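I opened the notebook to go through one structure, entry by entry. What comes up when I look at its fold, its rings and its cores?

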Amino acid sequence: MLAVAPKTLSSSSFSLNPIAQALFRDSNYSAFKLKFNRKFICEYQTERGLQFETGDAFFRHESATGRDLGVLAAALHKKSNGSLRALDALCGCGIRSLRYLEEAEADFVVANDGNDNYRSIIEENLSRAKNGSDNERRWKITHLEANRVMTDYYLQKSFFDFIDIDSFGSDSSFLRSAIITLKLGGLLYVTSTDGYTSGGHRPHHSLAAYGAYVRPMPYSNEVGLRMLIGGAAREAAVLGYHITPLFSYYAYHGPVFRVLLRLNRGKIHYNRHYGFIGYCHKCGNSKEFSWDELSQISCSCSNSKVSTSLVVSGPLWTGPLHDAAYLMDMLNLAKQWGWVDDGTDNLGKLIKLMVDESDPKLPFGYIKLDEMASRAKMNSPPLRTLMSAIHKKGYAASRSHIATNAIKTNCPMTECISIAKELLLV
């Protein structure tokens, strides 16, 4: 097998795709040499200093932030519990498994992918991980359907501290298998990439996948996170458990909805943080409705008991998306590792935004400044100026990590418009 540096190749041999070109410009991630075999050209990559190759497995450089968050969470679990046994249920090329082994110092990782054509790539990547104390491998590779591998471990009573399911679309069939295979107090890191469904364009699909009938709303990407958490909460309740979201992350590429959940013993009250969200197209305000209020759903801006401008989605998770204390532990660990500096880097900014979003006074959803300006028929003031004015009025407000030109606030839309108009008169 021949290794060739990119600079030795003529421009006519081949050209790197735009993603590969971007990789060379990223200080934390690079593609630095190419390797040839009879089947394909594969690029050696680095992520956070770890070398690996992708082969022909699906891989996104843009998902590195989601992997960073997962590694930080896994490392915190190892530090607090003394051990870490992880399952990467859909491992692809194995980069997540390698990072759990090397950075989170997992005691053992099962790397599973249904495509056995990836075996040589996964083996080569994981072989870079250090062996255990008895010079034994700390990893195992399997090629089974994800539900099968999790159920097999459950039947063997061989449970995991951390399960990562980086799936495509809105396949929620993994949730129950993952929950029964997870230790109590363990962490479940799950994914959805179905922005079309979270946008309310396939309500019957969201109902089948997550038990939630989702309608179009201006904060649909947050709804996507709440839909995913709600589906996991429902599955946990069926099994006699409950879950706690530690962080919820949305990324525009894909799009990708990633949530980290802790599994807890015992059911909680069925109404707690699990209900319906209503959005009024007429006034722009949102409101939560419990199961008991289903027959009385209306908006205060309408004189009629039945408001035709009100759309309702649910049941969804309506509680906190993040745990602020947990996020601060993640941020401190990232600083120890040199992953963040003064908060100007993307990872540090993201975690700090999530901490701000964790204010218990903030309700679900967010207000887009474009929507507010359209309703008020005026130009919106700068986001920071508006937030400062909202704070002075006694309301809570923060930026949203999901939408750059939006704020999360308990200030109603009508009041936001009034505040914005006052600012323009100054």
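**Entry 1: a strand residue.** I started with T142. I found T142 in strand β7, which covers residues 139-142. Is T142 buried or exposed? I read a relative accessible area of 11%, so T142 is buried. I then listed its contacts, setting aside residues up to four places away in sequence: V110, A111, N112, D113 and V149.

**Entry 2: the whole protein.** I note that this is a predicted model. I counted 14 helices and 17 strands in the protein. The protein has 426 residues, and 54% of them count as buried. I looked up the accessible surface as well: about 19,600 Å², with 50% belonging to carbon and sulfur atoms. Next came contact range. Among contacts with a separation of 6 or more, 66% are between residues 24 or more positions apart.

Entry 3: I picked out an open sheet of three strands. Its order is β15-β17-β16, and the pairing is antiparallel. Which strands are at the edges? They are β15 (367-368) and β16 (397-399), each of which pairs on one side only. I followed β16 across to β17, residues 406-409: the two run antiparallel and are joined by three bridges. I checked one residue here. A397 has T409 in β17 as its bridge partner.

**Entry 4: a loop residue.** I moved to K157. K157 is placed in the loop between α5 (146-155) and β8 (160-165). Its relative accessible area is 68%, so K157 is exposed. I also took a C-alpha to C-alpha distance. K157 and T181 are 8.0 Å apart in space and 24 residues apart in sequence.

**Entry 5: a helix residue.** I looked for Y196 and found it in helix α7, residues 195-198. Which residues is Y196 in contact with, leaving aside neighbours within four places in sequence? I get H201 and R202. S206 is ten residues away in sequence, and the C-alpha to C-alpha distance is 9.8 Å.

**Entry 6: ring pairs.** I turned to the aromatic rings. The structure holds 14 aromatic pairs. I took F162 and Y189 from these: the ring centres are 6.4 Å apart and the planes are at 65 degrees, so the pair is edge-to-face. The pair links distant parts of the chain, since F162 is in strand β8 and Y189 is in strand β9 (residues 182-192), 27 residues apart. How accessible is F162? F162 has a relative accessible area of 0%, so it is buried. Y189 also counts as buried, because its relative accessibility is 0%.

I went on to F276 and W291. They form an edge-to-face pair, 5.0 Å centre to centre, with 75 degrees between the planes. This pair too links distant parts of the chain: F276 is in strand β12 (residues 274-280), and W291 is in the loop between β13 (286-289) and β14 (310-317), 15 residues apart. I compared accessibility for the two partners. F276 counts as buried at 10%. W291 is partly exposed at 34%.

Entry 7: I then searched for charges over rings. R258 has its charged end over the ring of Y189, 3.8 Å from the centre. R48 lies over the face of W339, at 4.5 Å from the ring centre.

**Entry 8: nonpolar cores.** The largest nonpolar core has 51 residues, and L69, F162, F247 and L260 touch the most other members. Which helix gives the most to this core? Helix α2 (residues 64-81) does, with seven residues. I took a closer look at F247. Leaving aside neighbours within four places in sequence, F247 is in contact with residues including L69, A73, Y189, R258 and L260. L321, H322, L327, M330 and M354 are also among the contacts of F247.

Key:
Residues are numbered from 1 along each chain as its sequence is written. This is a predicted model: local features need pLDDT of at least 70, side-chain atom pairs count only at pLDDT 80 or more; totals for chains, interfaces and linings use all residues. Side-chain values use heavy atoms; hydrogens and water are left out. Helices (H or I, at least four residues) and strands (E, at least two) are DSSP runs, numbered from the N terminus. Buried means under 20% relative accessible area, exposed over 50%, partly exposed in between (1.4 Å probe, protein chains only). Contact means heavy atoms within 4.5 Å. Two strands pair if DSSP finds at least two bridges between them. Accessible areas come from the Shrake-Rupley method with a 1.4 Å probe; for residues, only the protein chains shown count as cover. Rings of Phe, Tyr and Trp (its six-membered ring) pair if their centres lie within 6.5 Å; planes under 30 degrees apart count as stacked, over 60 as edge-to-face and the rest as tilted. A charge sits over a ring if NZ of Lys or CZ of Arg is within 6 Å of the ring centre and within 35 degrees of the ring normal. A nonpolar core is a set of buried Ala, Val, Leu, Ile, Met, Phe, Trp, Tyr and Cys residues joined through side-chain atoms within 4.5 Å.
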